[in-house]
Structure formats: structure tokens, C-alpha cells
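Subject: Two-chain model, handover and notes

Hi,

Here is the structure we spoke about. My notes follow below it.

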Amino acid sequence: MDAPVKAHEFLHGIDKSSLIGITHGLDADTLVFTHSRHHIVVENVKDRVTVSSWSMKQIHHITAPAVYSPNRNQFLTVVNKNVIHCWDKDSKIEQAKKYSFQKPIHQLFSTATMEPIILHANGRVQLFSIGVAQRKQLLAALISTAEHIVWSDAVELNSHIMSVMVTQTKEYEYKIYIQALVDPQSTVETVDAPLLLQAGTHVSSCCLHQTINKKFDILMLLSDGQLCSIPTEAVTHQSLNTMDYNLHKIPCTVEKNVSITSTGPSNVAAAPVKLDNIDVLGIWNLRFGTLVHKIPLSSPVHKASQLFYNGEQLFLPCADSVLAFPHESQPSTLASVLGMSTGMVDPMNRGSNETEKLCSLLKAGDLTNLTSSKVKQLLQSSLLDTKAFPRDNLLQFVRSGLIRSSILQDFVPKLIQKKDVYLLHEAMKYLPDVSDFTMVQVLDFYLSQENGAFSEIVAPPQEIATLMGPLVDRLAEVNNNGADEDADVPATYRQWTGKAVAIDQLLSMKYNDVVLMQELQKLQLDRVLVLLQYLYCKLKHSPIKEEATGTPDITQVCDWLSLLLDAHFSSFVLDKKSHVILLKIVAFVSDQVHVYNELASLEPILMQLREQLQLPTQKYVGDYCIEILCIR
Amino acid sequence: MGDFTIVAGDSTGKVSFFNGIHGNLLQVFQANKADVLTLCLNEEENKLFCGGVEPGISQFEKVIAGPGNDSFHRDYQKWVPSLPRLLHTHDVKSLCMAGEFLVSGGVDTNLGLSKYPPKTYITLPHIPKNSVHLAEKAACLMLQYADYLEVWKLGDTAVELEMGVEGGDGEMLPLTKGAKKLLQLKTRNDERVICSAISRDARWLAYSHTSAIHLYQLSLDEEKPLSVHRVKYLPPGVQPAHHLCFAGSDRLLVATETGDVQVLEVDSVKPKLLHNFDGCQEAVSHIRASNCGRYAAVSNFSRTVIVYDIIEFKKVCAMPQFPQQVAALCFHPRDLELLVVYADNSVVEYSIAEKGYTSWSRRYAKMRHQMEPAEHVGTTLNVMYHPSDEKHSQLILHGDKRVRCIDKTEVQSRKRGGALHVCDRIHYLVHVAPSAPDWLVIVERTPQSIAVTLPPTLAVKKFGT
């Protein structure tokens, strides 16, 4: 799995919201950081050393990120909105050549082989040489005065440069502009397309994303968490509806200062986003819609954050520094994303039909086309469906053993929320690898429920006889004789047939004693007392060996009693209610120990009888004896 | 340590390494589950051993990752946990190095010797020496405890084993008469008994504590009740003893603290101090008297063995010194020969008359390593001639775990296979002595009997307990 690891810090001590931009540097290992409106630093991010740095005079303000042009072998930046400074990497910035423009410049873009690009504030783009030559001329505005640029980028294609720009009006109307520049003629081809968004949503962040086919898409994260992927080829002069290009929904809260960047053909990174009320940097797989990795962010992210990816590291301005998270994009496969529990949600909600199809396959016994990821995805969509609860389908999933342990932690709370005792019982019965946490969660739920809730669970007749036989017999005896109730058997247990079967199913499951004891400590004391009393009854009537599946034998009951006593020892000491039942248990165990010791002493006599030998006379060997010693 | 690293063990079972120069903590290891009681460092200071309130001994080794051993590269030195050693059953309270061996001792009373590599574990049980004495003629056994003595009459059986008719090994014979305790003699003011002795006919009993010797006359006539008469007036020159031994019927040999050997003529009224053989200021380790009562062999911790004539009060001879300590010695029942076993289990037979080793002894010295089994045979506690062998050609040696019988004639005829016989089913042997032809008295202290007297081991919490 491509996973970021420990973060490194750059530009420690910079002011909040003072980072203007991060751009590519002299080579693959260097980056250009422009910050505090006066400073430009070139860092080797691999060796983590500063290569060069320049500072402007206080009267000048840098208004666009500095870029390095390999074509010109120079650094360029925009000062005071309409002056471009160009200087060599070994010279001082005061010696930079300055070009003053009539109109303000929005940003400069650098390309690998071609000239830098100038994006004017009015939306027009120009090659640097042409822009400089025509700097005294007025260019016709591309965007209206009501619009302002919210995001822009430029990439070099085979024969031309493509500039992409998104504008916004005060009424949150968005428009995409794509301009293509062909060198040396500098012919500009422009297309623009208004964006149609759902009411109340707006664009939070954009980035360019290169697909596996070497084509470029515009990734657009909307404020409601929808992630759109609009191919640049789709941008014509017609309106674009974002619903047509919705890719996934990121299942987290999108912050106002969120920034996204593409980290490869199949991944996109976003930060900051809230997952479980924690600010994180999340990396999602675009193909499978799964969360590949998340990194909790301990420091607050800058208001105007800018997530930048250089192919090896992700850079994010946080607090008073820029954090770099190593991240190497790798080809994603289905196997690499299997097991991811948190993924993007399919907004089209196509799961219900798929579920029906799957169930029909299950009924037909055709399991060849099933994959665990598919089942997982369908199950998740079924659980998230608030309108209808596909109980029969889920029951079929459970009985077919298709629910994996990775999804059980979501599945069980949902069933508890629905108070579906029968489905829970079936899940505990059929599903393997139930964690101790889940087991105690279910046990707590069982103990909290009334007996009537278990009416659906019916034990087979022979099982009832095994489980509840002694209790039922005792009850019949009490009723016939008109005697008082047996003090050791609470009245509720006599109606516990369904509940007892469910609890017995849990008691007979496999567990890890260390983990289970920690989980049992979370149970409330009143429920612990009920369980203790039930275990006491089971101790008195449990079979020596397990006679039926789902029925705990006496060893398992003893282990549960021991675990419960260990888990709530201090509570039992302090709580007087528990003393009575504990004393009964002590008395019963003492009797049992005595009985078993006597039985153990019978074993050698029985062995002798079996071998038809004469019973030996008791021979007392004291401290003194005479015996034959052979020294060989 | 030499580099001023300070190692500390605490009551939580942690072993901490501190830089003594800067006072900072370098490393911490959870060595034990409970208190650390002892730490030991080897001579090279690259191995540390740790013992405490649990049976295991933890080991830490210094690993040097850097190129040098100077102060600059000291930061590259790390201590890492190494192979633990398990020799004991209870707490380990003391550790020390003896050469390449780690010597450990603790609550289980055993002395453990271990080294690695190769993995070698030797456990030496604590068996008290010279605490049992047999009066062969009277079939009485005297047991020496810390502050009292007990005299027991041995039991009997009706089964007579004929020579050449063997019963099964370990077969119990029915007792016609059980052992009977005749006497328990407590010291005054709980004085600690240093040594004791009983004469072969059980008429005389003597013991010594730190300040004086006490002599008693016993009357064991079965028709009369037991009578014990204390001899009150001992000669003034008699000193407290380290070893006591009766020679013949009326002489008591007293080995004093200074290595002197005093010859006392016992008498119920007025014992006499007949002679005092000056020692060499070394404590006596063994003292034995010949069956005829004329000679006494004394060995001391300077590894010398001297034979005295206690009738004419002269030194007869001194045996050549061996590099090892004497482990056991005994006189030949008939001839004037002395059998000595050394700490390395080598056996020599010395002719007092010829003042040289016997021919058997020389031959056995050459064959011994071929005869002895390869494994560790333990130390020898006592040696004796076979009581039923009229030719006195069989030797019985015993350690704490095995009885060995060496057939001298087999050695003489160079029959390697049949010269050595071993019995190792009795643990731990405190005393083995012949009481009559074909009879051996063996006093055993079983490991179980030791274990029940020990305090409980560290309780380990298990779930459900």
C-alpha cells in the first residue's frame, strides 16, 4: 500500500497564511517556496538543505509564486502585481531584469521545455516572450469584471500548452476556461463552459489530474464532499452539469480551506478533511473509491492551504511550517484496496438492485461470481440505506458466511440499533472470527433486552432439554407442590428459553481471555450481576462435556465465571448485592471440588478392577525401609 | 564498570544502565517479574547476569556497533538481553563468576554452575557432610542436627538373602522390627553442633560445639533401659574440635581448629589426653582410623595426607601431594593400605608399609578415563571397601546422586566393561556405610523433602486464579 510515513518540516517559523506558493525547482529534488510576500527559498527537499534564498525589499510585494523556467534557466516572479522579475539562479534578486506590465498579472506558470506562461488577471494567457513584447499593449479581457479566478493551472502537452482556469462570481456561478497556446505562433484557442452545481454547493478545491491514458481531467471537490472528474475534452461552450461527472463522495466533512492534489493516475489527496472529528490528510483511490491512507494533522492548516505533490512527497502548510509527508504513488490493484473499511460512497445508490441480484445468485447457489469486495460494498450500501432495511437479504448473507470480520464492527452496531435480536443471534452463530469487543457488545445488548425480544429464537427440542431441562423440571416440581420458588433460580430464567439460547451461544464461542477480560470491565454492574447469577445457574446444571453446539460445557462456564470475577473484582467487593450470589458460588464450588477429589481417588481402583487384579493392600513406606539395592 | 557505567536492579524487576559520568539513563530492561536481588559482571565486563525473585537468571551482553572502543564510540555500545539460564527452582539470591562458570545460589539450597557456550549446567545440591555416623557393631545410627543428636536403632527384616541369590532392584523387604529412636540429646543453650562421633559399639558418643567437647557413655543393653552418662571432667588441654573420630574401643581422635590432632583415652571417670600431633595450621578436612585402631589418617585443606601411629604416637608417613583436594579416604580392612579419592574422582591406593602407590593404583590411574562414563559423575563424598567381599577387591564410592562400585580384579585383568558398576536411583545420598556383610545403610534426603521445606516460589497470576 502506498502510505505516507513520518513528516518532515520545512520553512520552520513562517507566518500563518503567508505561504504564497510552492513550485517545481531546478531539478526533481528542489522546490521553490514563496512566502511572506518578500522571501523566495529554494530547498532541496530530498537532502533537506536550502539551495538558495532571496529577499525582496520591503517596499516590494511578491504577488504570485516564483517559478523556475528550465527553458530560460531563470527564476521569475511577479512583484506588485504588474512587474515581472527575472534573475539567474546565481545572481542577486536586486540584479533581476524587470518588466512592467500595463495590467495586473494573476500568476506565472513554468513548463518543462517551453517558455513560461503569463496568466493575466483578466484571464488572458500569453507566452512569456510575447507577453513581454506586448507588455505596453492592452489585452482584451477574457473574463467579465464580475468574475474572479479561483484556481488556475497550466500543463505542457505534446505540441502546445494548455491553461485551465476556474472563475467564480459573487453569486457562486462558476465557469471553466481552457486556453491552448501553440508556440511559436502563440495562437490561443479558448473554450469556456459554465458549471451547473446543485443549489447550496460551491467549489472547494480543484486540481488537474492525469489519467492512465495520459489525458487530463479537472478534479473538482465540492463543498458537499462530491468529487467531480471533468475531462478537459468535455469542456466546450456548453454548460457542464457536475452531476454527470460525479465520481465519488468523500465520506467526511470538507473544510473551507481544503485543498486537493493528484498523487498519481489513481489517487487523490485532500487536506484538511474531518474524519471522526479529526483533521486528517486523506488519500483516496479513485478507481475503487477507498480511503488508502489517512494522516492525522496535529497542527492547524493555513487558511489558504495549498497541497502540493512533487512525485515523492506531499507538502502542506501547517501552523508555522510546511510539512512534507513522504508518499510514493504506486499502481493500485484490487488486492491492494481490499480490506479498506472506509471508502467513498457511491452516490448513485446502485446497491439495492445489486443486492437483489446477489441474493438471487445465493438462492441459486452460484457463488462463482462473488468477490468479498463486492459483497462488502453491497453490504455497506445496504446498511446505509435509511429508508429500508433489507433484513432477509442480510440474513441470507449471514447464513452464507459472506460477511467478513472487517465489516462486522459496522454490521453489529447497526443490528443493535435496529434491535434485531434474531439476526444478531444468527450472525453470532454463523460468522467466524467474531472479536471479543463485538462479543461483549452483543452480550451487553442481550442482557439489556426483555425476554419478549427473544421470542423469535426457538431452540430445537433436544437442545431445550439439554439447556433448560433441569430448570424446567425444577419449575414443574415447584408448581405441582405449590412450594415457594427456588431461590437459586430467578423467575425470569424460566421464561428465558430464547434469551438463554442466545446467551449460551455467546458463552460457547472462542475468545482471548486477556482481551475479553478488558472488554468485560466495560459492562455495567447490574448487568454483570444478572450474568453472574445466570452463570451460577449454568454452573449447577451445565453438562460436563459439550453436548450440543452452542451450549457451554462446565469448563467454559467456569472460565466465564473466573473472567467475570477478575474483571469486576473491586466492584464485587464493594457491592453488597453480589455477596450473596458469590457465597453461593463458593459453597457450590467447594462441594464440587470435594466430589471431584473423591471421584479422582476412585480412578486407580477402577483401573485395578478393569485389569482384574487383586486390590493391593495398603503398604506404608515410612522414613525407614529395607530394600534390595542392585549395583550394576 | 570500568567505563563508569552504573547498573542498578530495582524492586520492579528492571535493570537500568546509567552513564555515571553524565548521570543519565542509558537503557532499561524488564529482566525479572519481581525484585532484582543480585547482579554479577564478568571479568571482561561484557556480560551481566541478573537474579532475583524468580528462578531464572537473565543475561545481558554488550554489543559494540561502532568501530572502536574509545569514549567517542561509546555511544555505539548497547546492552542487549541474551540467553536466560534456568538452573534453580526458587529465588536466586547470589551470583559470582568462577573462571568461565557463573556460580549461582539461592533459596533452593542448590549451587548452580553454568556456562555458555557450550551450554553447560551443573547443579550441586547442598548435602550436609559428616552429619550421619554409623555404629556398625551395635547397628545404631547417629544423626547430627543443628543443636541436637539422635541415636536410632536400625530395624530388621526376616528375609535372609543368600549370597548369589538376587532379588529385584528396589524390592521392599518386610520389616520385622522398625527403626527405633533411642536417644535425643540436645545441646545446652541451643549450642550449635560442629561435629560428632559414635564408637563402633555405640558405647561412646562425643560431640563438639564452638567452645567445648562433650563425651557421653551409653549403655544399650536391650534387657536394661538405656542409660546415658556424661563424662564431666575432660583433660584441660582438649580443645573444641572440627572433626571427631573414635579409634578402636577406647580412643577418641580430636581434630582441632588449628589443625592439631589430639589423642584422647576415653574413660567414664577420668579421660586422658595421651598425645597432641602438631598440625600445619590448616584445617583438617578428613580424619579416619584403621580397623585395628593403631593408625589414623588425616587430610587437611593444604592437600596433604598424613598417617599417624596413635599407639606409639609418631608420624608414619605423608602421602605425595595431589593438585586436588581430598574428597574421601579409608583404610583397608586388613592390609596396611590407605585408599584416597580426590576431588577429580581419581582413586589412589597407598601402601603405608611400602610408602608408595600399589600396583593396582598405578594401573587404575591409566585406565580411569577409559572406565569412567563421559558425563559428569559428580563429587565423591565417601569411599569404602565392599563389606561382603573377603578379598576386599571391590570399592564402593558414593556421591550425592550415585553409588559406584569399582571391581579391582576387573581393573587388574584389564576388563574395561565390567570394572565399574553404578546405581543412580537414589537422590540425594547423605551417607552410605556398611553395617554388616551384604548390608548397607543409606541415608537419603529426597529432593521432594527439601522442596516442601522451602518457601513458595513467586506466584504468577494466571487468569481465573
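The expected span of a helix is 1.5 Å times one less than its number of residues. Helices (H or I, at least four residues) and strands (E, at least two) are DSSP runs, numbered from the N terminus.

Two notes on the source. This is a predicted model: local features need pLDDT of at least 70, side-chain atom pairs count only at pLDDT 80 or more, and totals for chains, interfaces and linings use all residues. Residues are numbered from 1 along each chain as its sequence is written, while chains are lettered from A and ligands numbered from 1 in the order in which they are written.

**Helix α15(A)**

Helix α15 of chain A covers residues 577-610. Its 34 residues should span 50 Å at 1.5 Å a residue, and the end C-alpha atoms are 50 Å apart, so the two agree. There is a kink of about 25 degrees at A:E603, shortly before the proline A:P604. The bend at a residue is the angle between axes fitted to the seven residues ending there and the seven starting there.

A residue is buried if 20 or more other C-beta atoms lie within 10 Å of its own, exposed if 12 or fewer, and partly exposed in between; C-beta atoms are placed from the backbone. The count of buried residues in α15(A) is zero, so by that definition the helix is hardly covered.

**The chains overall**

Chain A has 15 helices and 29 strands. Of its 632 residues, 36% are buried. Chain B has three helices and 41 strands. Of its 465 residues, 30% are buried.

Contacts come next. Two residues are in contact if their C-beta atoms, placed from the backbone, lie within 7 Å. In chain A, 54% of the contacts between residues at least 6 apart in sequence join residues at least 24 apart. In chain B, residues 24 or more positions apart account for 43% of the contacts with a separation of 6 or more.

**Sheets in chain A**

Two strands pair if DSSP finds at least two bridges between them. Axes are lines fitted to C-alpha atoms, for helices over the stretch in contact, and angles run from 0 to 180 degrees between N-to-C directions.

One open sheet has four strands in the order β22-β23-β24-β25, paired antiparallel. Its edge strands are β22 (253-262) and β25 (291-296), each pairing on one side only. Neighbouring strands are turned by 20 degrees against each other on average, direction ignored. Six antiparallel bridges join β22(A) to β23 (residues 267-275). A:S262 has A:V268 in β23(A) as its bridge partner.

Five antiparallel bridges join β24 (residues 278-285) to β25(A). A:W284 is bridged to A:L291 in β25(A). The hairpin of these two strands has five residues between them, and A:G289 there takes a positive phi near 70 degrees. β25(A) is mostly covered, with five of its six residues buried.

Another open sheet has three strands in the order β10-β11-β12, also antiparallel. β10 (105-109) and β12 (125-127) stand at the edges with a single partner strand each, so one side of each is left without a neighbour in the sheet. The twist averages 25 degrees from one strand to the next. β10(A) and β11 (residues 117-120) share four antiparallel bridges. A:Q107 is bridged to A:L119 in β11(A).

**Where A meets B**

How many residues does each chain bring to the contact? Chain B gives 21 residues and chain A gives 15. On the chain B side, β17 (172-173), β38 (403-407) and β39 (420-423) each supply at least two residues. The largest share, three residues, comes from β39(B). By class, that side has ten nonpolar, eight polar and three charged residues. Ala, Val, Leu, Ile, Met, Phe, Trp, Tyr, Cys and Pro count as nonpolar, Asp, Glu, Lys and Arg as charged, and the others, Gly among them, as polar.

β29 of chain A (residues 626-627) and β17(B) are antiparallel over two bridges. A:E627 stands opposite B:M172.

B:L175 is in β18 (residues 175-177) of chain B. Leaving aside neighbours within four places in sequence, B:L175 is in contact with A:I626, B:G155 and B:T157. B:L175 is partly exposed, with 15 other C-beta atoms within 10 Å.

Best wishes
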